[in-house]
Every structure is written in C-alpha cells, then in structure tokens.
Amino acid sequence: MLKIIRKILIRTIIWGLAFGVTGMTVAKADVPESKDPVKIVMMGYSGDNIIMFIYGELIKKLGYNVEYTPADYIGQFTGVGAGDLHIASPGWDTTAKAVLDEAFSSGNVLNMGNIGIAVNEDWWYPLYVKDYCPGLPDWKALLEPDCVNALSVVETEPKARFLSGPLEWGGTDPERIAALDLDFEVINAGSDGALSADLVAAIKRKQPIIAWSWEPYWIPALYPGEFVKWPEYDDACYDDPSWGVNSSMTHDCGRPNGHMWKAAWAGGEKIWPKAYDVWRKFTLDAKTAGELVFQSDVEGMDTKAVAQKWIADNESTWKSWLE
Amino acid sequence: MTETKLIHAISPPRIKPSIALIFVAILAVILIKFQWLALPWANDYPGTWVIPLGDSLSVKIKWLVNEADLGLFTFKEFTRAIGSLLNVPVLFLRGLLVTGFTVEGAHDALLHIPPLSWLGITIGIVLLAASLGDRRLTVFVVISFLYVAFVGLWESTMLTLASIIVAVLIGIITGLLLGIAAFKWVVMDRVLMPAFDFMQTMPVFAYLVPVLMLFGYGPAAAMVVTLIYAMPPMARVTRISLAQVSGETVEFGRIAGSSARQLMWKVMLPSIRPRLMVGVNQVIMLTLNMVIIASLIGAGGLGFDVWQALKALRIGQGAEAGIAITLVAVVLDRISQQFAARRPVHRNTAPSFSKKYALLTIIVAIVIGTTIIGHWVPVISRVPDSWTFSTGKFWDNIIDWININLYDYIDGFRRFFFIYLLKPSKSFMLSLPWLGTVLFISAVGYHLGRLRLAILCTVLISFIAIVGLWEKAMISAYLVGVCVFLASIVGIPIGVISAGNERIHNIVQVIIDTLQTLPSFVYLIPVIMLFGVGEFSAMVAVVMYAIVPAIRYTDHGIRQVAPHLIEAARAMGCTRMQILRRVQLPLALPDIMLGVNQTLMMGLSMLIITALVGTRDLGQETLIALSKVDPGRGVTAGICVAFIAIVAGRLINAWVQKHKSELGLDAAH
C-alpha cells in the first residue's frame, strides 16, 4: 500500500515539475553587453532610494539586469572598490569627504560627476522655535539669553544645546560657535537615526530645538522649518582670521554648499559601458528631488513607485541619457 | 547554614598581605591625584608617550588585504575563495526560498523555477513541529509563520532564514570541532580561549572593513562577521562539557574496546548532548543578534527592514520586523531543542526506508506539490498584498502619545539620573590617574589570583593608556559600570522573585527571551525619542539588554540550592526571609556573580550601540575609524574593549573560584 502511494506521489511530482517548468518559461531579454546584473546600492533613505530606482529602472529599459542591493552608506565604498557592488548611492562631500577621497584616489572607484543637486547642510529649526528666539533665521537671534535658555537641556546647562550629526561627519560647529561667541554646546548624535529620532520627537512635543539637518531630506520636507542664516560663506572665511565678524578667528560664517557625487566600480566600465554612460549623464535638480522626496515621505508613496511615476512623466528629460 | 558558620569560625579576622596591597594602591591613587607625589605623568598619560599603534596596524591590514602573497595565490584570493564557497549554500537556499532559479535552456529560453510556496513551507514546518510531539510548540510555530506571512514579511523572513540556517550550522560544526581540539591538545586550548575572548568582545565595527575587503560584500562577509561573534559559545561549551565527562563513562568506553575516535564520537559526545544544546541555543540567539549588522553588508532580509524602518522613524514597522526576528529565533531554538531531547530509539532490525522517512516524504511532497499548484493558484505561492496588514501605525501612535503626554515625568526622571548618577560617576572615572588605576586593578588581581593575574591586569590595562585611548576607555568603563550596577540591582531581585514563584517565572522567561533576541536597534530609536540623544538613552538601552543574564543566572542559582539545606534551615525555624538571606543567596552567590560577569560582557558588547546614540567612548572610536577607512584605528579600539572585558572577566572568575572554595562548594560541583 505504502509503496503504491509513494509511487503515485513521485509520479505526480515529476509530472507536476515538468508541467510547471514548461508553463513557467519566459522570453529571454535582449541584453546589450552583458547579462551579469548591475548591482545598485540601496541605502534605505527615501531620497537616495528614488534616485537609484530611477537609474535602475532606466537601464532596465535598455535590457540590463539589475540587482538592488541593500548596503550601508559608508560600507558601500569598500564593496564598490572591490567590485562586489557596482553603482554606489551618491556620496555627499559635506559629510563623507574622507571616504570619497579615499575611494576615488584608489583607482578602483570612478568619479562619475555630481548629480547636480547642491546640497545644503546646516543648523535647522522647526518654525515654532521663532517664538523663543525672535529674529530667526538671522543667526544673531541665537545670542539672546532667553533663546539660549529655551534651548538648554540638562546635559548642557546653562548653555544651549545644538544637536549635531555624528562626529565623523566632520562638522565645524565648535569652531563656528567659538568664532561667533555663541553660548552653545555641541551634542553629537552617533548616527543619523539617533539624530532624527531626537529631533522629530522634540518637534512632536513642540520642544525648542536646533539641530543639524540637510536638504533634500525627509525631515525638512515633512515639518515646516528653516535653516539659520549665517554670514555668507567665503573661502577666506575658513583660512583668514581677519575676515568677517570676528577679526581674530576663522569659521565666522555659514557652510559651503556641497554636492552629491556619483561613484561606480572602475571594472564595470568595460562590462556595461552603456549603463555607465547613462550614469554619467544622469542629473536631477534640487527642486525635482525635493518633490520626489515629498511624494514618498509626505504622501506615503512607495519609493519605487515614485521613481516609476517620474520616469513615466519625464520621458523628454531622460530620453537623451539613453541615446 | 552550618557550613557558612563553620567557615566564619575558621577564617581568622586578620588582614591578609594581599588586601594590604589594595589599600596601598588606593593610597597611591590619592597621592598621585592630589599631587602629593609629584608625578604629573602618572596622572594624565603624556601625549608624547603614546604609541600610535593604529597607524602601523592600518598599514599592516592594508598590506594583508592587497599584497600578502602565499606563494601560489594571494591571501585575498584565498579568503575570496572561502567566501565564494560560503556563498554557495546561502545562495542555493535563497533560490529555494525566495528568488527561485533561472536556468538557461536551449534557444535562448530562460527557465524559471519558482521558490517554494509559503503555504507549503508553513504546513511542512508545522508538521515537523507536530511530529516532535509538543502541542505548545506546534501552536507557536503556526502563529509565528502566519504572523510573518500576514504582516507582509514573508520574503524578508525567508531571506533571513536562508542565511541564518547556514550560519548556525557552520557555527555549530566549527564550534564543536574547535571545542574538541581545545579539549585534546593543551596548545590549542591556550591559543583558542583568549582568541574566543577577543571574538566575543571586539565590537563588530572594529573588524568590519577588513572582513569586507577579504570576503567581499555579500552573504559570505555577513556570515564571517556572524560566526566570529556567535561561534565561540559552542566551542566553549563543548570544551567544558568534555572535561566534565565522568571517568566511569570514559572507562566504560575503553573497556568496550572503542578506538580514540569512537570514544569521542560514540561515547563522550552523546553523553554530553544535553549540555551541548546550551551551546546550540547560544549560537542561534547570537546569530540572530547579528542580523541587523549582517543585513547591512549584504545579507538583506529582516535586519534591513528593521534598519530602514527605524531610520525613517517608523517605529511600529521596525518593531514588526524585529518581532519576526525574535519569532524566527525562538522557533529555530525550540525545534532544535526538541530534536535533541528525543532519545535515540534502539531497534533490533533497521527500519525500512519508507517508515524511517515517511514524514519527510510527506513534507517534501506537500512543499513541492503546493509550489506547483501555486503556478495556477497564485494565492498559494505568494501571500497577496491585499491580505496583509500592518500594526505599525498603532505602535507609532503609542510612542507619540507617551512622548507628548508623559514627557514631563520622563524628563524629570532623566534629570535625576543625570545629575545624581551619571554626571558624578563620569567625572569620578575621568579624574582617576591612569597609573594609580593600573596599580589598583593589579593589586586586586594579586589578591584574587596571585602573580599571574596581577601581571595580566598590569599589561592589559597599561596597553589602553599606551595606545592613547585612556579617556575614551574610561567613558566606556563608566557607562558599562553604571549599567552593570543598575542591571544587577534590578535584575537580581527579579531573579530571586522569579525563582520562588512559577507563574512569575514563566512571565519573566518570555520577557527576557524577547529582550535577548529582539534587535537592540528596535528599542534604541524609541528610547532616543523619549530620552533624547545622550548617555541616559545609551544607559537605558544597555540595561534593557544586559539585565537578561543577571535575572537568568540568579533564578538558576537559587533553584540550584540543594533542597535538603533549605529543609534543614526550615526545621531550625528560619523565616522565609532568613532562608533567602542566610542560605539561598550565599549559596547562589557564585552563580549570581557569573550572571554579573555575563551582564558585563553584554554591556561591553553594547558599546557599539551606545556609539550609535552618540557617546564619546571606544565604540565611537570604531565608528569613526569605519568612516575614515582606518581599519587599524578601529582594531586598536576593539582590542581595548576586549582587554577591559578580559580583565573584568578574569577578576570576577577568580573571585567566584575563591568564594566557592571558601564555601566548600567545589566538591559539590
């Protein structure tokens, strides 16, 4: 009895497999240079994910196989340098300069130009902070004792707290605080997650706060706020102490704008030349990037869907990249 | 009762010379601190004396990765080969569970074989659990698998499962072999035991870059990182259990005429099977602990879901994925424990193939059958999106409500702890002169374990000062110290209560199992939302994680106290409190102290997490090294963490040994 059942079972499996398998045949895509998948880094941020999805879906149109690979912002450059990953999520020279320099100078990672979005990173506050520090966004409002008092917490008392990003992002805030004689203490969050958790929780309970933020990013997109306006940045400000408000110290000004750099594994140039060409041509302006982030973080659209929608609506923009 | 009294009567109340030495060291600390001894270099380690070990290590690591040549091939080619070997089983399982396989056929046709259906896998696992004969386990498995399917985490869970299963298997096998090696050859023991100390206490970020360079971004590197952390307990348990196999068992094996190999594999190992399962349990739990880090270097899956959700502060969504990780851990653990608990059946005749593998055949048939049917009935192969639901919003709202309505109380609490505990202990630790501290710790080492331990303490602690990380190390020590203190004063009483009450015990078990397997990142972000960036948040997160062994070991230790001693105490008219204070606690103290030791180890392993919050300690040093691509710097900081752990561990162990022999417990164990 058992034997018969087993026989039947085995036969069904074999027949089923045969059927299933033939039924599941799909047409093979016409791949340009290589069928090897282009591995594209997904960092997990909405803005960056959308950019990477747009690029990935575009080269899929050319017939490339694409693999979206999760990776960490800093760790990805090691992977790209070794050819384990191919297209890096854009690196910001404002915070990851050391890693970018190291990667580009190694010869294993190609600098594919910047994406065209000027990134702004600086002191940011939610709008209600103006009630405590009238005169904002002008930086001089931060000199007022009432403002300092409102922004102080137990760890920094009697000074005000400036919540900054990780130390390794290389902010020059202590220098600026000293140069502009602000009564602030820098508290570094150890990770972007910690920074946004503290900032958003404070916004939700309407606690006065000034923190490090940047654009394009979901927090300024989601919550009304402004960046503090410092004396305009000038190269001399960072080198020449006599420049600016404080005649004996440097850094008495705002920060220089940065760029998002496209990076890719050097070895891939020969394998997928066309895909690399598209990545070189790929640009996006800050306004579009802001809108895309808004669609995903405020309107709650899936990042891939945002990317696909943009592709559907903007054929005129990307058509020339694919030629 | 009588035993302890006797000991008090025997030990003479005079100060031993080694204790006097400790007082001398304390005196030295004071003299140096207040400059009564004019030794400025003994207060703050002079910057010019610092040996920049990080720089030369970086050069060496880069040489190892880029140039080291082993003759026929380079070191990197060698590790890459191992990496691609490790990738094979993971990629195969991934194909089976998640992506399916694409095979190239003739005429440019691609053949796509779909992954196994969710329904089939669920039914298969449930049948497997049911066959083990534990109804509660079966129910638990059903709930767990339906949960991951219907919160929409099926694919991620299968991805995680694919890498976890391979990592756990490799961890168990290598752990077992290394444990046997350490048991057989003294040399191996000498080399492996300190190596394990390093592997378990070095923060991952310290060696992440070299591992990525050597093994390539992907599942292999993720597995290497996981194994470094999760394998040592298996080896340790094997080594210790083998040493404790009774002489009679070995003797019997010899009389029966076993060869050396048979003696090991057929006699000794089977006889310690229940104890080995403790090692298996640890490998599974620790592997799942590494899921988040592993997901960031190419393993993907649930870990990445947690990471991505929490970065965007979608707490609920992160928690859902975190709970899935916990469920996977518990299911794997319980099924493997049940398997091990089954006694081997001895029959006279070998059972026929069909009987032996009937269940397996049925399971395979169901899995494959549903997968094939799934081609026409998609609901069977994939859970439709419309069926899934998310409780994410609910949890987000709870956190928001607490944040908005209870913040005043939370802030008061935080203020109190900061002003009265964190700030003073931090400034105390930072004000200690380095040389005095080294002297003090060495004196304690001498008191507990004589010269060898004293020398070990001197060398390891001085190293921290010599490489210029004294201040950061002190912040780490202060933070972990405060956390161990809090975890102990909260955890030990909970352990005592849970040892005395079965119902509370069961509840506590569920909570501590969850705390141990839930990725700490899941509660780290809500903790920061409520307590802000700072050492207080770090403290809360560390205590939540490190409290587990304090509870577990206390509970275990008190239950271990021989019932006749308690009976005797009761007969003498002791009240419950008296029994607890005079009998149970003293006798359980060695176990409790081992728990404290484990709490300390876990606290140190959490330094990486505290660095993510933003403390300026050794953990942060490894993070900075990571972003500056300076592997030597990270490794140096990692070595310092390991040294702190080794010194603390050795001191506590020496103390436990001493205490045990004083209590006369050695013979009993």
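Two residues are in contact if their C-beta atoms, placed from the backbone, lie within 7 Å; the model to which this is applied here is a predicted one.

Q: What makes chain A count as more spread out or less spread out than a compact globule?
A: Chain A has nine strands and 15 helices. For its 323 residues the globule rule gives 20 Å, whereas the radius of gyration of chain A is 25 Å, well over that value, and therefore chain A is more spread out than a compact globule. Its C-alpha trace spans about 90 × 50 × 35 Å along the principal axes, and 47% of the residues of chain A count as buried.

Q: How do you know that the span of helix H15 of chain B agrees with its number of residues?
A: Helix H15 of chain B, residues 273-289, has 17 residues, which at 1.5 Å a residue should span 24 Å; because the end C-alpha atoms are 24 Å apart, the two values agree.

Q: Why are residues of H15(B) such as B:Leu276 called buried, and what covers them?
A: A residue is called buried because 20 or more other C-beta atoms lie within 10 Å of its own, and the buried residues of H15(B) include B:Leu276, B:Val280 and B:Ile284. What covers the buried residues of H15(B) includes helix H8 (154-184) and helix H18 (315-341) of chain B.

Definitions and conventions
Residues are numbered from 1 along each chain as its sequence is written. Chains are lettered from A and ligands numbered from 1 in the order in which they are written. This is a predicted model: local features need pLDDT of at least 70, side-chain atom pairs count only at pLDDT 80 or more; totals for chains, interfaces and linings use all residues. Helices (H or I, at least four residues) and strands (E, at least two) are DSSP runs, numbered from the N terminus. The expected span of a helix is 1.5 Å times one less than its number of residues. A residue is buried if 20 or more other C-beta atoms lie within 10 Å of its own, exposed if 12 or fewer, and partly exposed in between; C-beta atoms are placed from the backbone. The radius of gyration is taken over C-alpha atoms; the globule rule is 2.2 Å times the number of residues to the power 0.38.
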